[in-house]
Amino acid sequence: MMQISGVIICLSYILGLLFTAVPWGGAWILGLGILAAIFFRASYISLRKFALKREKPITKGKAGANTPLITPDPRVWLIAGLVGLLATLYFQLRTPEPGEKDISQFVSSENNTNQEQLVIVRGEVASNPRLTRSQRGQFWLNATQLDEVKNDQGPASVPKGVTGKLYVTVPILQATGLYPSQQIAVTGMLYKPKAASNPGAFDFQKYLKQEGTFAGLIGKQVNFIDEERKWGWWQVREQIVRSQVRFLGVPEGPLVSAMVLGSKAVDLPYDIRDLFVKVGLAHALAASGFQTSLILGVILQLTRKAKKGTQIFLGCLGLITFLCLAGFQAAILRAVIMGLAALIGLALERKVQQLGSLLLAATLLLLFNPLWIWDLGFQLSFLATLGLIVTATPITKCLDWLPPVIASLVSVPLAATIWTLPLLLQVFSVVAVYSVPLNIITTPLISVISIGGMISGLASLILPDVGSTLASFLYYPTHWLIQLAEFFANLPGSSVAVGSISTWQMLVIYGLIISTVLVRWWQKRWWFAVLMSVVLVIIPVWHFTNNLLRITLLATDTEPVLVIQDQGKVTLINSGDEGTGRFTILPFLQQQGVNQIDWAISSKFLGNENDAWLEIMESLRINNFYAYASPQENKIENQAIQQKLQKHQGIYQPLALGQTINTGAIIGQFINEKLPILKLQIFGQNWLLVGNITSQQIAQLIKTGDLSRPQVLWCPSESLQDLVVALQPPVAIASANNLDSKTLSALSKGQTKLFFTGKDGAIQWTPNGEFEAFIQVTENKSSDL
């Protein structure tokens, strides 16, 4: 068992890394260490005097065994404070920053606009290619050389030596045949990743920075420089996956491989990945503790008659082999370290303390890479394991009226859920309602598939045909697992958005969870802790949504997408193009705790044929759907929308020219049959949404009086100058800033306040404040920290 002083120092190191999110966090940790040393000094001296009088060592317990000091030496607290301070400095030192020759330094600002500058980047492939949601191949490239291309005639300058890792996407056929360590040259366009432009959206810039990457490359062509295939663990993974997919097919084959090697090592179809995440089975796709436990259990069982040294050697070999196959990920490294600790305990014939080995694993991993402290996979892995160690057994005891096997099936997923749910709410704002019962039902299937997948994978390395044959027996268990996940996903209320909880709410809930573990009073009143946690989540969200009046114009590339929140009632205007629903609208609504849309208005604003309404309806119910579309537009899509609405008892209402839409908070009207113009009155403000129209059409509309001065104008940047000059609105919003500096300067001198969602992100307005740009507000909050 770890001594108490070691526990304190390890915890202070982890706490120091967590305090990097707080201004002067290292100083706070050092101050806490000094205060603790002063506070515990008197009690330490008293204990020492008492022990000297009794002439017994302080570290002796009743049975005479070595036990940790209840109150450690005050110097330990001082050392712990200093370790916490050094942890914050170490974190800053290890935070990735682009070097002088990093390839991101050669991305000009023009590359992020409409001017396309072709380059040729040479380097070494650092990962197996994967399929993106947009059906392009993606891989990481360690760049070594950069050439600029002029008019596709060859290099325009002397090649530059560069460093750094690139996020590369290429047409899927160009990615075929790529493998790690291969030398290639990619022709394409460099760009710098953008931060999240909308509340709740994925922060691509932050994601790449965590990977030590500061630029991306949209590739058009890949040329091979080195055709020689070098051996690597990727070949072993590829052989296992190919063997299992051969007779199982897709998606069953990749799913079996993902459950054995982890989803990061296997190119699993996104629909299966999304399904498992939605219903709360994402852990089944993350190779970690379950797989290492199976490996150790099988090896130790098969070698139970062998010498202890042989058992330990084969156990270590099995764990290291699994680590190399699955990849050096935080969750897998944690599981392997704890497995090695168990083998060390076997060698020393001592029982390993699971909490101590978990703390040691966390400290070692964070010494190796302190940036993992903010990696969601790392956090969830340790929280779930902590829950299994400290909470699963008490839950099992509470369920002693059930058969032991059933009680264990219930306690394991419930314990993991208790410890991971607050963090998941803070990050994703969604609860998988049927997660625990689904995990209970699917645990036998997951166990069978994992064990069978490991056996077939091992066999495929020796005889691929035998491996494929063994994998074929897993078809029905895997198919049943997918069907169960789909069944629970289609149940009413399978996922509920509760809104993003604040950091303080999450910390209070974790405080209640820890109290029920450590304090006897709370252990007897665990139901009160559960009730307080539920109240802490529901009451603030309920109060917030039922008192909120706000207009949010989301940052999109095409038509304007507005979300109006009116004291619990939600109106959505337009859905954008394909992908906007999944990556922009739904994350925002989930963050706001929205589970249904009261009114939806589809204007077919830019004649877009890839509207995201059906995508949105897969997750949210729409009560009233208003649609304006000319007879020439997509009737099939309208029929699909009507069928989806009928399924959820929603109302479909086609709109005619001049017909008024009245939702209470909004009064709207289409004013021209041929031109995309929508007038809205929202919370007493006049909004005018204008699509692509010419200067002559603008002049004609103003002459006829069809366009009156609005308080807020949205239009494409191409029409911005003409409309602002003609209408003089107080606020004008465009999607992108394509104006030259002279025009922009002239418009800025007027009375109109300009916003560009491509630069400013989402624009929000509340009755008590001015219009605010999401990116500017985010930067201000970051600077405060």
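Buried means under 20% relative accessible area, exposed means over 50%, and partly exposed sits in between (1.4 Å probe, protein chains only). These views come from a predicted model, where local features need pLDDT of at least 70, side-chain atom pairs count only at pLDDT 80 or more, and totals for chains, interfaces and linings use all residues. Residues are numbered from 1 along each chain as its sequence is written, and side-chain values use heavy atoms, with hydrogens and water left out.

View A. A salt bridge here is a side-chain nitrogen of Lys or Arg within 4 Å of a carboxyl oxygen of Asp or Glu. For Asp274 and Arg582, the closest N and O atoms are 3.1 Å apart. Asp274 sits in helix α8 (residues 270–279) and Arg582 in helix α22 (residues 580–591), so this pair ties together parts that are 308 residues apart in sequence. (Helices are DSSP runs of H or I, at least four residues, and strands are runs of E, at least two, numbered from the N terminus.) Asp274 is partly exposed, at 23% relative accessible area, and so is Arg582, at 35%. Glu615 bridges to Arg582 too, with closest N and O atoms 3.4 Å apart. Together with Arg133, these residues are linked in a network of salt bridges.

**View B. Lys160 meets Glu148.** What is the gap between their closest N and O atoms? In this salt bridge it's 3.8 Å. Lys160 lies in strand β4 (residues 160–161) and Glu148 in strand β3 (residues 136–148), so the pair ties together parts 12 residues apart in sequence. Lys160 is partly exposed, with 26% relative accessible area.
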